[in-house]
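I opened the notebook to write down what I looked up, entry by entry. The sequence and the structure come before the notes.

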Amino acid sequence: MNNRSFIRGLVVSTPLLIACILSMESCGKGDIFPPPKTPPTKSGPPIISSFAPASAAKDSTVIITGANFSASIAENTVTINGVAATVLAATSTSLTVKVPLHAGNGKITVKTGGQTVNAANDFTYIYTVTTLAGDGTPGFINGAGTSAEFNSPFGVVADASGNVYVADEANNRIRKITSAGVVSTLAGDGTPAFKDGAVANARFDYPEGVAVNASGIVFVGDFNNNRIRKITTATVSTVAGNNTAAFKNGTGTAAQFNSPYGVAVDASGNIYVADAGNNRIRKITPAGVVSTLAGDGTTAQFDTPTGVAVDDSGNVYVADLANNRIRKITSAGVVSTLAGDGNSAFNDGPAAAAQFNYPVGIAVDASGNIYVADQGNNRIRKITPAGEVSTIAGDGNAAFNDGPANAAQFKYPTGVAIDASGNIYVADYGNNRIRKLQ
C-alpha cells in the first residue's frame, strides 16, 4: 500500500472511530476499551429501626425493620434476650422471626456479616398459661392431666428431671406430676394425722411447703404436725420438730416449730423453713441441727413468713405475708427488703414502690430473678436482679382462665416453682389446679 492509500484509509476510518467512541453503540465496547469496573457495594452494620409487635408469646412472629440485613436467611442471627430466634424470612430491610420458648424480656439482637446491633427498646415476652393437672373439682383422683383432682394444693416444686411435687393440703398427701402430666401419690394415705414409715402408710396433717434436693429427696413443711418431713423412695421420716407448736432450737425432734409453711434446700443439704407461727426463718443442717437464721430474737422481724427460697450463693428469699414484702437474707444473716412498700395493694414498678397483697410462695431462678405467688392479687409477679417488679401472669380477678398470660386468671395462687428449662409452675389453690407458664 502507498502513502496515499494509507492516508485515504485513515481519513475514511476516523469518523467511524470517533462515532464508535462517542456512542459505544456502533461497535462492541470491548473492541476498543475494556468494560469499566463496578465498585463493590459496601454495606454498613445492620440497623434496627423498629420491631413489631413489641410483645408476643412463644411461636408468634415478630417483624424487625431496618437496614443492611442479608437477604439470605442463613446469614442473619437473631436473639431475643439472648435466646436464639428462628429467622423465617429475610430481605435487606426486614427480618421475620419466630419468638423462641422462654425468651423472657430483653433486647432483640441482630448479627449480620459479623456485625451486631441491639434494638433500642426491650421486647416483652408474654407467657402462655396452661393447666398441667387438675380438673378444678376439689377431690382426690390420680390420673393424667385434667382427669386428676387436687384439694387445695398449696406448695409446689420441680426437680431436675421435670417432675413436679405438690403439697396437696386438704388431701394430706404429697403428689407427683411427671413431665407428661401424669399424677400419682408420692406419700400419704390421706388421713390428717402423724405417722412416719412406708410412703403409702405415712400420714401428714395439712402439708404446705415442698422442696427437693439434687438426689430427688423431697422435704415437707408439715403444718399441723409442726414438723419437717423427709420422703425418700420408700419411706417418710421426721427431720426435725415434734407435735408441740412452740419455739426451740436443737437437734432433730428436740427442736420445735410453730406452723411451718415453706421449705427450701440448698446445694449443701441445708434446709430453710418459713416458721410462720414463730415469725422466724429457721435453718436445719444435714445433721439435723436447727437454728434461727433470722427473725424474732434477732434484730430483724417478720410477720407470718410463708414462702422461702435459696439461690446458688446462699441468699435466702422470704415471702413475708403479713408485711406484704419480699425480704432477702444474706448467708451472713443480714436481712433487707427486696421489694414491696408494705401496703396491701397492687403496683408494678421499682422495687421500693411495688406493692403486694399477701404474697405466699416464692422461687428463684439461676439468673437471680425472683417469682412470687401474690395470693391476694391473684397474680404471679417477677422481681429482676435490677429491682424491677412486673406481673408475668394473671389479670387480678379470682377466677380461672388459661391462655395468654395477660388474660389468664388464677384464684388465690399459693405456690410457685421454676424448673431448669424455665417453665414456671403454680399451685392454684382456689382452682384446685397446677398451672404451667411457658
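This is a predicted model: local features need pLDDT of at least 70, side-chain atom pairs count only at pLDDT 80 or more; totals for chains, interfaces and linings use all residues.

Residues are numbered from 1 along each chain as its sequence is written, and side-chain values use heavy atoms, with hydrogens and water left out.

**Entry: Asp374**

I looked up Asp374 and found its place in strand β31 (residues 370-374). Strands are DSSP runs of E with at least two residues, and helices are runs of H or I with at least four; both are numbered from the N terminus. The side chain of Asp374 reaches the backbone nitrogen of Asn357 at 2.9 Å. Buried means under 20% relative accessible area, exposed over 50%, and partly exposed in between, with a 1.4 Å probe and protein chains only. For contacts I used heavy atoms within 4.5 Å. Leaving out residues up to four places away in sequence, Asp374 touches Gln355, Phe356, Asn357, Tyr358, Pro359, Arg379, Arg381 and Pro413.

**Entry: the sheet with β31**

Two strands pair if DSSP finds at least two bridges between them. I traced an open sheet of five strands, in the order β29-β33-β32-β31-β30, with antiparallel pairing. β29 (349-350) and β30 (359-364) stand at the edges with a single partner strand each, so one side of each has no neighbour in the sheet. Strand β32 (residues 379-383) and β33 run antiparallel and are joined by four bridges. Which residue in β33 is the bridge partner of Arg381? I found Thr391 there.

**Entry: the second largest pocket**

On a 1 Å grid over the protein atoms alone, a pocket is an open set of points with protein on both sides within 12 Å along at least five of seven lines, whereas a cavity is a set where a 1.4 Å probe fits but cannot get out; lining residues have an atom within 4 Å of a point. Grid points are joined across faces, edges and corners, and a volume is the space filled by probe spheres set on the points. The second largest pocket holds about 190 Å³ of space. β8 (115-126) and β33 (388-393) are the elements that give two or more residues to its lining. β33 gives the most, with four residues. The lining has 14 residues, and Thr124, Tyr125, Ile126, Thr391 and Ile392 lie nearest the centre. I sorted the lining into six nonpolar, seven polar and one charged. Here Ala, Val, Leu, Ile, Met, Phe, Trp, Tyr, Cys and Pro count as nonpolar, Asp, Glu, Lys and Arg as charged, and the others, Gly among them, as polar.

In strand β11 (residues 153-158), six of its six residues are buried. Five bridges join β11 to β12, and the two run antiparallel. Val156 stands opposite Val166 in β12. Five residues lie between the strands of this hairpin, and Gly162 has a positive phi near 90°.

β21 runs antiparallel to strand β22 (residues 271-275), with four bridges joining them. Val263 has Val273 as its bridge partner in β22. The hairpin of β21 and β22 has five residues between the strands, and Gly269 in the turn takes a positive phi of about 90°.

**Entry: backbone angles in loops**

Asn172 is in the loop between β12 (164-168) and β13 (173-177). Its phi is near 50°, a positive value in a residue other than glycine. Ser259, in the loop between β20 (250-251) and β21, also has a positive phi, near 60°. Ser259 counts as buried because its relative accessible area is 17%. Lastly I checked Pro53, in the loop between β1 (47-52) and β2 (55-57). A cis peptide bond joins Ala52 and Pro53, with omega about -5°.

Technical notes: A polar contact is a pair of N or O atoms within 3.5 Å; within protein, one must be able to donate a hydrogen and the other to accept it, and residues adjacent in sequence count only if both atoms are side-chain atoms.
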